[in-house]
Amino acid sequence: MNRLFGTKSTAPKPSLEGAISNVDTRVSSIDVKLAALNSELQTYQSKIAKMRDGPGKNALRQKALKVLQRRKQYESQRDQLSQQSWNMEQAGMMQDNLKNVMTTVDAMKTTTKELKKQYGKVDIDKIEQMQDEMADLMEVGNEINESISRSYDVPEDVDEAELDAELEALGEESMFESGMGESAMPSFLQDEVAPPTFIDEPPEQTKVKEAAGGLG
């Protein structure tokens with residue numbers, strides 16, 4: 001049975017990156033062959049340009065035409081492989097984009113589930129009640145502040161005339177103290193330095209001299 005249908009291959013399937021690498025390797029080998037053919041064509045062209053018309057020149061031209069034909073085939077094959085590589089690269093980019101999209105979608109699903117769980121625990125009615133309580137507390141606080149910061153009026157039983165008289169007396173006392181100054185002498189010191197009260201007037205100088213002459 002195995003000879004008729006063969007066995008199932010257990011080799012791993014080639015990845016997209018591996019396929020692109022293989023194609024690029026083939027393109028590189030074709031480029032090497034094309035470089036050799038171009039060098040050979042330049043040699044033929046140089047020789048043909050120096051030869052005269054004749055059988056030898058025609059034979060060399062036929063060889064050059066065959067090399068040119070091979071070069072075109074290699075160029076066509078290289079173009080096809082390059083296109084294949086480009087297509088696979090495009091497919092790889094699309095695959096990467098799709099993976100990114102799927103990752104984003106999975107993350108959004110997970111986030112949505114978590115948000116639903118969190119929002120499901122929130123009671124809107126309790127939040128509204130809390131807001132009302134906060135508003136009431138703010139109002140009570142404002143009333144307390146207004147009560148504490150109010151000003152006190154003068155009692156009605158105080159006589160304003162007496163207050164004016166007391167204020168005027170304070171003003172006169174302040175003016176009297178400023179007029180005396182810091183060097184003013186207290187009243188009790190002034191009494192000590194004053195002349196004796198029993199002397200009516202100071203003695204005259206002439207009488208003092210006459211009294212002195214009589215004694216002599």
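Reply: What follows is a look at the pairing of helices H2 and H3.

This is a predicted model, in which local features need pLDDT of at least 70 and side-chain atom pairs count only at pLDDT 80 or more, while totals for chains, interfaces and linings use all residues. Residues are numbered from 1 along each chain as its sequence is written, and side-chain values use heavy atoms, with hydrogens and water left out.

Start with the whole protein. It has seven helices and zero strands. (Helices are DSSP runs of H or I with at least four residues, strands are runs of E with at least two, and both are numbered from the N terminus.) Along the sequence the pattern reads α-α-α-α-α-α-α. Of the 216 residues, 8% are buried. Buried means under 20% relative accessible area, exposed means over 50%, and partly exposed lies in between, with a 1.4 Å probe and protein chains only.

Now the pair. Helix H2 covers residues 16–50 and helix H3 covers residues 55–120. Their axes lie 8 Å apart, at an angle of about 160°. (Axes are lines fitted to C-alpha atoms, for helices over the stretch in contact; angles run from 0 to 180 degrees between N-to-C directions.) H2 and H3 are therefore roughly antiparallel. That label needs an angle over 145 degrees; under 35 is roughly parallel, 65 to 115 is roughly perpendicular, and the rest is oblique. The crossing of H2 and H3 is left-handed: the near helix is turned anticlockwise from the far one by less than a right angle, whereas clockwise would be right-handed. The contact of H2 with H3 holds 19 nonpolar, seven polar and 14 charged residues. Here Ala, Val, Leu, Ile, Met, Phe, Trp, Tyr, Cys and Pro count as nonpolar, Asp, Glu, Lys and Arg as charged, and the others, Gly among them, as polar.

Next, some residues on H2. Val23 sits in this helix. Its relative accessibility is 8%, so Val23 counts as buried. The C-alpha atom of Val23 is 7.6 Å from that of Ser82, though 59 residues separate them along the chain. Ser28 is also in H2. At 44% relative accessibility, Ser28 counts as partly exposed. From Ser28 to Arg78 is 50 residues in sequence but 8.7 Å in space, C-alpha to C-alpha.

With 10% relative accessibility, Ala64 is buried. Ala64 and Gln42 are 22 residues apart along the chain, and their C-alpha atoms are separated by 9.1 Å.

What does the side chain of Lys57 reach at 3.4 Å? It reaches the backbone oxygen of Met51. The Lys57 side chain also makes a polar contact with the side chain of Asp53, at 3.0 Å. (A polar contact is a pair of N or O atoms within 3.5 Å; within protein, one must be able to donate a hydrogen and the other to accept it, and residues adjacent in sequence count only if both atoms are side-chain atoms.)
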